Amino acid sequence: MIQTQNTKSTYISPFTDFSFKRIFGSEASKGLLKAFLNEVLEGRRTIETIEYSKNEYLGEIENEGGIVLDVVCTDQFGNTFLIEIQRAKQSFFKERSIFYASKLIAEQAPKGKRHHWQYDLKDVYMVAILENFELQENCEEQYIHHICLTNKANGEIFYKKLGFTYIEMRNFVKSEQELTSKMDKWLFALKHMTEFPTRPESMPEQEFEQLFELARYANLNKEEKYMYDQSLKNKWDTYGALEYSKKVGLEQGIAEGIEQGMKKGMERGLEKGLEKGLKKGLEKGLEKGMERGIERA
């Protein structure tokens with residue numbers, strides 16, 4: 001079913017900037033994105049139509065850096081959906097995702113006559129696909145986290161118009177035989193895309209037919225193939241640099257640990273030696289003093 005030989009993949013990896021936007025952010029993939037989001041949202045929202053929105057937001061003051069998001073779209077009611085891919089762990093990823101969602105909320109404010117608006121906000125949802133790290137440690141069995149504002153006392157949802165979904169690909173370890181839902185199929189397809197020689201028979205649905213057609217390497221034109229190959233190279237270069245940094249950091253940590261351990265050991269050795277020496281000297285002094293006292297007597 002899955003090819004393991006080291007050959008050119010039939011399908012592109014979804015986890016590069018180029019391919020992620022081709023699969024989820026192109027005009028041809030509107031229906032695909034709609035189907036994916038409807039599975040992710042689990043009935044909290046049913047999307048009938050999708051329109052792509054701008055994904056670049058300038059800073060509010062001069063010289064303040066703007067942000068560029070992966071894929072942003074709105075549904076038929078004006079609700080906003082942000083779909084992001086994150087390949088490597090980032091120290092403040094939770095904070096970043098909240099900042100991005102807040103930016104999309106703030107963008108809803110009209111430029112003038114705000115008193116007529118009365119803060120009637122539309123929904124904002126963020127969906128983050130995490131390729132190589134977990135959002136929370138010690139949660140290996142859970143690969144989808146749905147986060148919202150709740151009342152701590154009773155667990156009831158306090159605000160329904162803001163939601164975060166984090167999908168941890170590393171923790172999704174189901175085999176093809178274990179897939180029990182369409183969401184499982186989506187995650188299995190995305191995670192193993194480069195390993196398939198053809199579309200799996202277990203995925204006959206129309207959205208998966210479209211997914212595999214968009215991801216087929218042979219369907220890319222010359223320029224797109226170049227862009228994909230470059231994005232893949234950049235991804236592995238970044239991965240290699242991160243792994244090298246980890247290795248150097250580990251080696252430095254071990255060396256520093258050994259050095260500190262030896263230093264501590266020497267200090268303790270000297271301390272114990274001095275203590276022992278003083279004790280022995282005191283004992284000898286007392287012994288000598290007693291001997292002399294007896295002699296004089």
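Phe172 is buried in this predicted model, with a relative accessible area of 1%, where buried means under 20% relative accessible area, exposed over 50% and partly exposed in between, for a 1.4 Å probe and protein chains only. Residues are numbered from 1 along each chain as its sequence is written, and side-chain values use heavy atoms, with hydrogens and water left out. Because the model is predicted, local features need pLDDT of at least 70 and side-chain atom pairs count only at pLDDT 80 or more, whereas totals for chains, interfaces and linings use all residues. Across the protein, buried residues make up 34% of the 297 residues, and the secondary structure comes to 7 helices and 8 strands, helices (H or I, at least four residues) and strands (E, at least two) being DSSP runs numbered from the N terminus.

A search of the whole structure finds 17 aromatic pairs, a pair being rings of Phe, Tyr and Trp (its six-membered ring) with centres within 6.5 Å, counted as stacked when the planes are under 30 degrees apart, as edge-to-face when over 60 and as tilted for the rest. The ring centres of Phe24 and Phe36 are 5.1 Å apart with planes at 40°, so this pair is tilted. Since Phe24 belongs to helix H1 (residues 17-24) and Phe36 to helix H2 (residues 30-41), the pair ties together parts that are 12 residues apart in sequence. Phe24 is buried at a relative accessible area of 0%, and Phe36 likewise counts as buried at 0%. The rings of Tyr143 and Phe172 have centres 5.1 Å apart and planes at 80°, so that pair is edge-to-face. Tyr143 lies in the loop between strand S6 (124-130) and strand S7 (144-150), and Phe172 in the loop between strand S8 (157-168) and helix H5 (182-191), so parts 29 residues apart in sequence are tied together. Tyr143 is itself buried, with a relative accessible area of 17%. One aromatic cluster is formed by Phe20, Phe24, Phe36, Trp186 and Phe208.

Phe36 and Trp186 also take part in the meeting of H2 with H5, in which Leu32, Ala35, Phe36, Glu39 and Val40 of H2 meet Lys182, Met183, Trp186 and Leu190 of H5, contact meaning heavy atoms within 4.5 Å. By class, this contact has 7 nonpolar, no polar and 2 charged residues, with Ala, Val, Leu, Ile, Met, Phe, Trp, Tyr, Cys and Pro counted as nonpolar, Asp, Glu, Lys and Arg as charged, and the others, Gly among them, as polar.
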